[in-house]
Amino acid sequence: MIAKNEKDSADKVLVWFRKDLRLRDNPTLEHALASSKQIVPVFIWDEEEGGKWSPGAASRWWLHQSLKSLAASIEKLGGRLLFEKGKPADVLPLLAKENGADDVFYSRVYDPGGMAAQEAVEEALETAGIRTESFNASLLNEPWEVKNSLGKPFQVFTPFWRNCRNAIYKKPADYPIRNLQFAKQPAPRSSLDDLGLLPGHPWHEKLFTHWDVSEVAGQAQTVHAAREIVPTYAHRRNSPGTEGTSRLSPYLAWGLISPRQVCHSVLQNDAGGSSRGENKFLTEIGWREFSYHLLYHFPHIPNRPLRPKYASFPWLSDSKSLRKWQLGQTGYPMVDAGMRQLYETGWMHNRVRMVVASFLVKHLLISWEEGARWFWDTLVDADLASNTQGWQWAAGCGADAAPYFRIFNPIIQGEKFDSKGKYALRWIPELKEVPPKLIFRPWESPNGSSESGFGTYPAPCVDHASARARALGALASLKSS
Ligand SMILES: Cc1cc2nc3c(=O)[nH]c(=O)nc-3n(C[C@H](O)[C@H](O)[C@H](O)COP(=O)(O)OP(=O)(O)OC[C@H]3O[C@@H](n4cnc5c(N)ncnc54)[C@H](O)[C@@H]3O)c2cc1C
């Protein structure tokens, strides 16, 4: 005869949620389902796990809302999501014991802090005699699976993606979520609010007007993107004034949707998978994969350039200009519109991310690390792999990066990609009296000047031509050193 606690322990599995905050297409849950065990789901908040790169304010807001929604979905299925604080390696063995579970399943993360936490967990659980299994819930390919012909990691995107793009055809797991068996739980020790994720200041409240944070909303956005955005993506993705991109990034960042679901949805909407727009879109999912590939193989890159010679780049320490950039007060409308969109909505269009990043590192000669940090705090889609890759790309110091000497002209970028000024005016209403053809150079309009700007809108904080020359000079000094 099996003693009661032995039977219980054989019946339960602890599922440790990481960046896989969803019920559908979650290989960890799929595995728990296949094991026929009752699931005890837990999320553990360890503020120290990411070190310098612990989630920023916007990301924590997103995380809080995602957990709230996940907890409600689990409750509908008869379970209860447990919330714990502390080191997972301390918490999980105790929790497994308390709940009589002798297995812990989780979805892997790939950032250095998260990977160190996973290693510690594996060790602690092994010592406690508890089995662990981990799964890939957030990437199409494991970063270590993709290698060049020399068995080395790729550092250039095109051959990387050529090598592994067939993974877009991987199908999402197909199980009815109502079959997930969650264990009945007594009232938990701590609540979501006890994790203290929400920032102390009310800045985050306005984010509610821009985002619906739930797995269901992420799925709806995926379907919408596949049907309405992807078909015209190739020619609209660079126009920030239109709804030309999917806005799926924050849902992907915390795993409310999976890249497999996104690819599958896109391919289903175009059976051949061959339209130009679609390929371009799926290539962007490829850039996300590439970013993870780089972060996994070069874990130092959030803090140091991938190309070592850029470590001695003569950056300026200029807190005044940095602040103007952060607040969207540089006097260059394309830059300021982007920075204001970011501060208001927690998100910025990709074309504009490239323009504002280039402006910070080249026009202001302020280090990409300052920019990455501000993005980290204000983006709802903040993702260590993509953010690092995006910033090092802009600064010319990363893999497959834009050469440093290619300096975006913020005026021309505006005129080219927001020709009617729709995007700029949405975020900078002070410019509504500027003649349309001068929106991106308001100082040239009849009531403007390069000393005082236009009305309350500031004058350019640096002159484009001299800033360009200064940036090239800095690059030359690096080359000759
Ligand atoms: C300086 C800089 C910083 C960035 N920081 C982040 C970040 O912290 N988090 C983040 O998710 N993306 C980041 N990006 C990449 C990109 O800007 C966003 O992924 C994109 O704007 C998100 O909008 P979307 O979902 O509408 O993208 P879409 O154009 O619809 O693309 C679909 C998906 O592909 C992925 N993707 C698209 N472009 C890129 C790219 N260049 N690199 C990696 N993945 C990409 C995203 O997951 C995105 O959701 C950064 C780019 C730059 C230039």
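The model is predicted. The protein is divided into domain 1 (8–136), domain 2 (139–173 + 212–299) and domain 3 (308–480). Because domain 2 and domain 3 both give residues to the shell around the ligand, the ligand lies between these two domains.

**Domain 2 and domain 3**

- The C-alpha centres of domain 2 and domain 3 lie 26 Å apart, and the contact between the two domains takes 17 residues from domain 2 and 21 residues from domain 3.
- On the side of domain 2 that touches domain 3, helices H9 and H11 each supply at least two residues, and H11 gives the most to this side, with 5 residues.
- When the residues on this side of domain 2 are sorted by class, they divide into 8 nonpolar, 7 polar and 2 charged.

**The shell around the ligand**

- There are 28 residues around the ligand, and those that come nearest are Thr-245, Ser-246, Asn-350, Asn-387 and Gly-390.
- Two or more residues of the shell come from each of helix H9 (249–253), helix H11 (276–297), helix H14 (350–363) and helix H16 (384–395), and the largest share, 6 residues, comes from H16.
- By class, the shell around the ligand is made up of 12 nonpolar, 9 polar and 7 charged residues.

**Strand S1**

- Strand S1 (residues 12–17) is largely enclosed by the rest of the structure, because 6 of its 6 residues are buried.
- Together, S1, helix H2 (residues 27–34) and S2 make a right-handed β-α-β unit.

**Strand S2**

- Strand S2 is likewise largely enclosed by the rest of the structure, because 8 of its 8 residues are buried.
- Both faces of S2 are covered, with Gln-38, Val-40, Val-42 and Ile-44 buried on one side and Ile-39, Pro-41, Phe-43 and Trp-45 buried on the other.
- S2 also pairs with strand S3 (residues 82–85) in the parallel sense, over 4 bridges, and in this pairing Trp-45 stands opposite Lys-85 in S3.
- To pass from S2 to S3, the chain crosses through helix H3 (residues 57–76), and this β-α-β crossover is right-handed.

Terms used
Residues numbered from 1 in each chain as written. Predicted model: local features only at pLDDT ≥ 70, side-chain atom pairs only at ≥ 80, totals over all residues. Near = placed C-beta within 6 Å. Nonpolar A, V, L, I, M, F, W, Y, C, P; charged D, E, K, R; others polar. Domains from an automatic or database assignment. Buried ≥ 20, exposed ≤ 12 C-beta atoms within 10 Å, placed from the backbone. Right-handed = clockwise from strand over helix to strand, strands pointing away. Contact = placed C-beta atoms within 7 Å. Pairing = 2+ DSSP bridges.
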